[in-house]
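Me: I would like to learn how to read helix packing and charged pairs in a structure. Please take the features one at a time.

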Amino acid sequence: MDVKLFSDLEGLRIAMDIEEQGRDFYQQAFDIAKEDAHKDLFCLLKNEEIIHFETFSKIFDTVNKNKEAASEEYLFDPETSRYLTVLAEGHVFPTAADAKVKIAEVTTVREILQMAIQAEKDSILFYDELATKSKFEDAKKIFTTLKAEEQTHVVKLRKILDTLA
């Protein structure tokens, strides 16, 4: 099986997709939430995903201008590329269409929170691996920062989930 080798650029592109899908997921969760506290949380998380997307877009443009970014020297090794491919296959959050179906299938905010926690945990794994393997310092720093932000999302979501028990 041929393995598509990842680079910082590919990692950034997928990270942008993850943030867009997270934004859409949280918008749909916001739309079905009944309580103001839940709506506020989903709105906050959606807005953070938007900020992350904008940050990734800027870094992507900067790294993309660097001609070396496309060279073989900046590709991740095959084992790392395989691992990132597995993590990225679902792109952490479901696509907008899939999210609509999945959110329609769940009947409670608790289930939405559980889905969101798992997606955030998956993004932490993805960003951690990208931060470890990244060849560009700017990309490494932003992946590390975003990993930390996603960790705070897990804590926020978990606190709310615990209040529903």
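The dialogue below goes through helix pairs and then salt bridges.

Me: What kind of model is this?

Reply: It is a predicted model.

Me: How are two packed helices described?

Reply: Two terms are used: the angle between the axes of the packed helices and the distance between those axes. Take helix α1, residues 8–32, and helix α6, residues 137–163: they pack at about 25°, and their axes are 12 Å apart. Angles under 35 degrees count as roughly parallel, so α1 is roughly parallel to α6. The crossing of α1 past α6 is left-handed.

Me: Which residues of α1 and α6 meet?

Reply: From α1 they are Asp-8, Gly-11, Leu-12, Ala-15, Glu-19 and Tyr-26, and from α6 they are Ala-139, Phe-143, Glu-150 and Leu-157. Sorted by class, this contact holds six nonpolar residues, one polar residue and three charged residues.

Me: How do the axes of helix α2 and α5 cross?

Reply: Helix α2 covers residues 36–65, and its axis comes within 13 Å of the α5 axis, crossing at roughly 25°. That angle makes α2 roughly parallel to α5. Here too the handedness can be read: α2 passes α5 in a left-handed crossing. On the α2 side the contact is made by His-38, Leu-41, Phe-42, Glu-49 and Phe-56, and on the α5 side by Val-109, Ile-112, Leu-113, Glu-120 and Tyr-127. Seven of these residues are nonpolar, one is polar and two are charged.

Me: Are α5 and α6 roughly parallel or roughly antiparallel?

Reply: Start with the angle: the axes of α5 and α6 cross at roughly 160° and come within 8 Å. Over 145 degrees counts as roughly antiparallel, and therefore α5 and α6 are roughly antiparallel to each other. The crossing of α5 past α6 is left-handed. Their contact has 13 nonpolar, six polar and eight charged residues.

Me: Now the charged pairs. How many salt bridges does the count come to?

Reply: The general idea is that side chains of opposite charge can pair when their charged atoms come close. In this model the count comes to four salt bridges. One of them joins the side chains of Arg-23 and Asp-24, at 2.9 Å from N to O.

Me: Which residue forms a salt bridge with Asp-128?

Reply: Lys-147 does, and the closest N and O atoms of the two are 3.0 Å apart. This pair links distant parts of the chain: Asp-128 belongs to helix α5, residues 109–133, and Lys-147 to helix α6, 19 residues apart. Asp-128 is partly exposed at 31% relative accessibility. Lys-147 is also partly exposed, with a relative accessible area of 23%.

Me: What separates Arg-158 and Asp-162 along helix α6?

Reply: About one helical turn separates them, because they are four residues apart in helix α6. Arg-158 and Asp-162 form a salt bridge, with their closest N and O atoms 3.0 Å apart.

Note on methods: Residues are numbered from 1 along each chain as its sequence is written. This is a predicted model: local features need pLDDT of at least 70, side-chain atom pairs count only at pLDDT 80 or more; totals for chains, interfaces and linings use all residues. Side-chain values use heavy atoms; hydrogens and water are left out. Axes are lines fitted to C-alpha atoms, for helices over the stretch in contact, and angles run from 0 to 180 degrees between N-to-C directions. Helices (H or I, at least four residues) and strands (E, at least two) are DSSP runs, numbered from the N terminus. Angles under 35 degrees count as roughly parallel, over 145 as roughly antiparallel, 65 to 115 as roughly perpendicular and the rest as oblique. A crossing is left-handed if the near helix is turned anticlockwise from the far one by less than a right angle, and right-handed if clockwise. Contact means heavy atoms within 4.5 Å. Ala, Val, Leu, Ile, Met, Phe, Trp, Tyr, Cys and Pro count as nonpolar, Asp, Glu, Lys and Arg as charged, and the others, Gly among them, as polar. Buried means under 20% relative accessible area, exposed over 50%, partly exposed in between (1.4 Å probe, protein chains only).
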